[in-house]
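Thanks for coming. I have one structure for today, so let me put the sequence and the model on the screen and then go through them.

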There are 2 protein chains.
Amino acid sequence: MNFHWTQSEKRLARAVFDSAVQAELAELIAEFKRKAAAVESSDEMWALQEFLERTRYEFDHKYDYRYSVLIFVLARLVREGRIKVEDLEGLSADKLEHIHRILSVGGM
Amino acid sequence: MNFHWTQSEKRLARAVFDSAVQAELAELIAEFKRKAAAVESSDEMWALQEFLERTRYEFDHKYDYRYSVLIFVLARLVREGRIKVEDLEGLSADKLEHIHRILSVGGM
């Protein structure tokens, strides 16, 4: 994909992206603290360590801001309900259409 | 070191070792839960993940029950105050002497 991103599109995408990052991090922190409070054995503690390691890896992979993949990242966030299509109003018609196409295929 | 370990020495060492493992794990769990409860940001959460990873590695390295290194492991536990020299009464005189020698050198 070689979409051209205007400055205003970049600003919009960045704001939507950052806000999704912050919201998901807040959920992760809450989930982590809930799990940690329930730990009673070393096995549970090491399992939580592995959970955190995996989660961090997946998070970094998911929130990849490179423009070459950003359309897919935004589509995934829409599909997961983390952002709304309306949040993306301001992107060019071809980008929005591409996001809709990705979503219509599903299964990402 | 090629000490011979009798069955009763093995039983004694195993009991002392296991009890130190359990005590240190209980401390680690308490420390982890304290730190986790204090987490407020994702940076702190990832830092705690790295702390756990390192701690687990060091713990597994420290509590190495192979008879070829057990004298050193026991000496270290004495030095750290996790076990008492008296807990080891029942080991042969040469083993106890070796432990004392290791402790007199210090700096392990």
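I start with a definition: a salt bridge here is a side-chain nitrogen of Lys or Arg within 4 Å of a carboxyl oxygen of Asp or Glu. Keep in mind that what you see is a predicted model.

Now the first pair to look at. A:R56 forms a salt bridge with B:E50, and their closest N and O atoms are 2.8 Å apart. That separation counts because the rule asks for a nitrogen and a carboxyl oxygen within 4 Å. In general terms, side chains of opposite charge can pair when their charged atoms come close.

How many salt bridges does the rule find across the interface of chain B and chain A? Two. Polar contacts across that interface come to ten residue pairs, with both residues at pLDDT 80 or more.

Staying with the chain B side, α1 (7-38) and α2 of chain B each supply at least two of the residues that touch chain A. The most comes from α2(B), which gives ten residues to that side. By residue class, the side of chain B that touches chain A has twelve nonpolar, four polar and five charged residues.

On to the extent of the interface. In contact terms, 21 residues of chain B meet 21 residues of chain A. Between them the two chains bury about 1900 Å², with 71% of that on carbon and sulfur atoms. Which residues of chain B lose the most area to chain A? They are B:M45, B:W46 and B:R56, and together they make up 32% of what that side buries.

One example inside a chain is A:E31 with A:K35, where the closest N and O atoms are 3.8 Å apart. Both A:E31 and A:K35 sit in helix α1 of chain A, residues 7-38, and they are four residues apart, about one turn of the helix.

The largest pocket has a volume of about 170 Å³. Ten residues line the largest pocket, and those closest to its centre are A:H61, A:K62, A:F72, A:V73 and A:R76. The largest share, four residues, is from α3(A). Sorted by class, the lining of the largest pocket holds four nonpolar residues, one polar and five charged.

The second largest pocket contains about 150 Å³ of space. Ten residues line the second largest pocket as well, with B:H61, B:K62, B:F72, B:V73 and B:R76 closest to its centre. Here the elements giving two or more residues are α2 (42-62) and α3 (70-79) of chain B. Of these, α3(B) gives the most to the lining, with four residues. The division by class for the second largest pocket is four nonpolar, one polar and five charged.

To close, back to the pair I began with: A:R56 and B:E50 form a salt bridge, at 2.8 Å between the closest N and O atoms.

Notes:
Residues numbered from 1 in each chain as written. Chains lettered and ligands numbered in written order. Predicted model: local features only at pLDDT ≥ 70, side-chain atom pairs only at ≥ 80, totals over all residues. Heavy atoms only, no water. 1 Å grid on protein atoms, 1.4 Å probe; cavity = no way out; pocket = protein on both sides within 12 Å on 5 of 7 lines; lining within 4 Å. Points joined across faces, edges and corners; volume = space filled by probe spheres on them. Nonpolar A, V, L, I, M, F, W, Y, C, P; charged D, E, K, R; others polar. Contact = heavy atoms within 4.5 Å. Buried area = accessible area lost by both parts, 1.4 Å probe. Polar contact = N/O pair within 3.5 Å; in protein donor to acceptor, adjacent residues only side chain to side chain.
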